[in-house]
Amino acid sequence: MERDGSTPAMFFRQHLERFETLLGLTPIRTVTIDVLGRPRRIHLKLEGQNLTGSVKGRTAYGLVRGLAEDGLLRPGVELLESTSGNLGVALASMARYLGVGFSAVVDPMITAECRQRLAELGATVITVDRPDPAGGYLLSRLATVRELVATDDRYVWANQYENPRNPEIHRTMTGPEILGQLPEPPDALFAAISTGGTFAGLAQYFREHSPRTRLVAVDINGSVAVGGPPGTRHLSGIGASRRSSFLEPDMIDQVAYASIAEAAYYCRLVLQESGIHLGGSSGAVLAACVRYLAAHPDTVEPLCVCADGGEKYQSTIYNDEWLESIGEPADLPGVHRTRTAATVR
Ligand SMILES: Cc1ncc(COP(=O)(O)O)c(C=O)c1O
């Protein structure tokens, strides 16, 4: 194939370089939340403002650039990925931009908003509705991906769960960006885990460039991404029904689990008090951060990586009936009861 007189490899490389210039440089906003009666500042890295609407714009770029470098990105291929939503939207945008196909293997937890966006971007959506033994759908989704790859060689699997290009892009792009944006390195960093790619890449970067930054991995009840008992999960984006291939014990200072009720509480508080519209995993990360601050009075520059914005969660996290339908309690544990305000500067 010749496009504009260039070879396919040159075509993809030039388009990927252009894509990179549109990614990243997401803002950091600082909110003040009362924790046990004391106002505490928390930096929020707002990845919802990234190209494609989430931190997964970076991951998709890292994965696809790797496929191009390995010579696997050719005209006529069909990119394939198991996704809970955000990576699918990011890959669908890239596939469209590069003129190749994209098939997303999803499950019923995907938000209606994500599903619609995938369709708008021209992706083929394959829904797997058989739960796996670990309380989610990931293992069933991966089985479907493997079947597809085995039966049709047009499929090229990005494999966010095992491809080292996933953490690599966060080590080389997201980490330096965060450190360059703050006058002082954060003394604690909180990020949600699913594949663990974002956290692992950030951990590698911060261990080397800011070893004093404490690294807190935030998971959701029922996830086994870093161990723990499996359970039913209702929120997309955070948690996994398999262990992360990327997370090593020396990358993590603490694992914090959050409930959906806590996540919803902080999403709503921040929206109401500051106008910042956070996605569900960001609410979980903020809940973990507040608990950490209650236990660590000396932490003064915490940073939460907020993976996406709230637009996709109107029918879940921001919806009272949904919370009731999954049996989430309205009551929150003690540390969350004292807060009065979240102001933003
Ligand atoms: C909203 C949201 N938060 C957090 C994550 C976790 O990212 P990672 O897979 O890099 O661990 C994801 C991943 O899909 C996500 O969509």
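A: **A lysine and the ligand site**

K312 is placed in the loop that runs between strand 10 (302–306) and helix 10 (320–325). Helices (H or I, at least four residues) and strands (E, at least two) are DSSP runs, numbered from the N terminus. This is a predicted model, in which local features need pLDDT of at least 70 and side-chain atom pairs count only at pLDDT 80 or more, while totals for chains, interfaces and linings use all residues. Residues are numbered from 1 along each chain as its sequence is written, and side-chain values use heavy atoms, with hydrogens and water left out.

K312 counts as buried because its relative accessible area is 13%, and buried means under 20%, with a 1.4 Å probe and protein chains only. Apart from neighbours within four places in sequence, K312 has contacts with G53, N86, T111, E113 and C114, where contact means heavy atoms within 4.5 Å. With N86, the side chain of K312 also makes a polar contact of 3.1 Å. A polar contact is a pair of N or O atoms within 3.5 Å; within protein, one must be able to donate a hydrogen and the other to accept it, and residues adjacent in sequence count only if both atoms are side-chain atoms.

Now to the ligand. There are 15 residues around the ligand, and K56, S194, T195, T198 and S281 come nearest; a residue is near a molecule if one of its heavy atoms lies within 4 Å of it. A polar side-chain atom of T198 is 2.6 Å from a ligand oxygen atom, and one of K56 is 2.8 Å from a ligand oxygen atom.

Technical notes:
Buried < 20%, exposed > 50% of the residue type's maximum accessible area, 1.4 Å probe, protein only.
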